[in-house]
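Trainee: Before we discuss the model, tell me how the terms are applied to it.
Mentor: Look at the structure, then ask about each term in turn.

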Amino acid sequence: MADMTPGTGSAPYGTVPYGTEPDGTALDEAVRFTSELIRIDTTNRGGGDCRERPAAEYAAERLAGAGLDPVLLERTPGRTNVVARIEGTDPGAPALLVHGHLDVVPAEPADWSVHPFSGEIRDGVVWGRGAVDMKNMDAMVLAVVRAWARAGVRPRRDIVLAFTADEEASAEDGSGFLADRHSGLFEGCTEGISESGAFTFHAGPGTPPLYPIAAGERGTAWLKLTAHGRTGHGSKVNRANAVTRLAEAVARIGAHEWPVRLTPTVRAALTELAALYGVETDTGAPDLDVDALLDKLGPAAALVEPTVRNSANPTMLDAGYKINVIPGRAVAHIDGRVLPGGEEEFRETLDRLTGPDVDWEFQHREVPLQAPVDSPTFARLRAAVEAFAPEGRVVPFCMAGGTDAKQFSRLGITGYGFSPLKLPPGLDYAALFHGVDERVPVEALHFGVRVLDHYLRSA
């Protein structure tokens, strides 16, 4: 294991016939690694106090145990990333990036059924913060490459593994730092896979389970709104009240109905879901009533509805220091999300909704992404899921939020959301992200290991 300096060791792999599945040890390790990673508290509150290094060292030790030569990289002490490369059998093939983040969002223990950092395994379920976002994927990847080392498996193309810091905030200490300062580690990578895709989505009675694979992400546009006014006594008339001005702008933003904007990924998702539900429609028609179509798609509409428009949701307010003092300044924060091609519309709309008395600025921006759904890569991702879930239907979708794929896209890497899990009815995958009682079934992890192994060998 190297620290700060990329290693040059090669993976000690031979080759075995394609189709050999990972062994039982790999299935057990995926569960154990998920639990043990959860126990390493890597809470990222966005203030710079997160320390991913213990989790990074944990991942690096297991990679080294598989004969790899991982490198640990930091922009800020304690904010550690791990990168390793598995050499493929075809040196002329483009490399594939497989990445997952090590940090997690905060969790309040009093709200949970189990302690969020216990990693408890109970009744066939692993509990804790990071169980689906995304220490489970980290654990499954580690389990797969260790199984390859035991079996002498070597993939066709180089595979670059990256375990990153700071994804849950700005990515400045994580994938952004890696893309800016260590791009050579990702030489040859043309595509990547990471979180939020290939999970079971139960679309209602009589409908096969869906396995949405992400082929796009809305861009991130976190905003700061500042209203200025006249300071004064709270008992006096004040026509230039900063709080009032800000509140009016925030209310306009929160109530705004954004126009429909369909990307190729979202249009493809609507086409496949309409066919699944037997809805006759032309998703390419200029007069398509998207809201009416969504009403006909039952529960599956939830996969698409957040991504047919730009959005801007008020999330934080800050003003004043005493109840009887009107402040001269008030601040709000907005979580904005922007579809490809919708950047100009977003700016013009914010200018109009904030009005002349409120200034706004970007606090953090990340570009929207699109990946082709008619590519050989998507076809292989689809085939890997269908090999182990033949009863399901794979559909493309666009993520409402974002991942480290945005940062790696600066290196020309096309990203797909692919973190396979087979989930039982009643387990709301989307609600577990950043939610209370985050958990993942053991069998879901076993499924993920098999699907990842199948795809990575065929990639």
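Mentor: A pocket is an open set of grid points with protein on both sides within 12 Å along at least five of seven lines. The model here is a predicted one, and about 1,300 Å³ of space lies in its largest pocket.

Trainee: What makes a residue part of the lining, and which are closest to the centre of the largest pocket?
Mentor: A lining residue has an atom within 4 Å of a point. The largest pocket has 45 of them, and Asp133, Gly401, Gly402, Phe433 and His434 are the closest to its centre. By class the lining divides into 19 nonpolar, 15 polar and 11 charged residues.

Trainee: What makes S10 and S15 paired strands?
Mentor: Pairing needs at least two bridges. Eight bridges join S10 to S15, so the two strands count as paired; they run antiparallel. Ala227 stands opposite Val358 of S15.

Trainee: Why are S12 and S15 called edge strands?
Mentor: The open sheet has the order S12-S14-S10-S15. S12 and S15 each have a single partner strand, so one side of each is left without a neighbour in the sheet.

Trainee: Which strands does helix H5 touch?
Mentor: Contact means heavy atoms within 4.5 Å. H5 (residues 242-255) touches S10, S12, S14 and S15, and its direction makes about 15° with that of S14. Helix H8 (residues 343-354) also packs on the sheet, and its direction makes about 150° with that of S15.

Conventions:
Residues are numbered from 1 along each chain as its sequence is written. This is a predicted model: local features need pLDDT of at least 70, side-chain atom pairs count only at pLDDT 80 or more; totals for chains, interfaces and linings use all residues. Side-chain values use heavy atoms; hydrogens and water are left out. On a 1 Å grid over the protein atoms alone, a cavity is a set of points where a 1.4 Å probe fits but cannot get out, and a pocket is an open set with protein on both sides within 12 Å along at least five of seven lines; lining residues have an atom within 4 Å of a point. Grid points are joined across faces, edges and corners, and a volume is the space filled by probe spheres set on the points. Ala, Val, Leu, Ile, Met, Phe, Trp, Tyr, Cys and Pro count as nonpolar, Asp, Glu, Lys and Arg as charged, and the others, Gly among them, as polar. Helices (H or I, at least four residues) and strands (E, at least two) are DSSP runs, numbered from the N terminus. Axes are lines fitted to C-alpha atoms, for helices over the stretch in contact, and angles run from 0 to 180 degrees between N-to-C directions.
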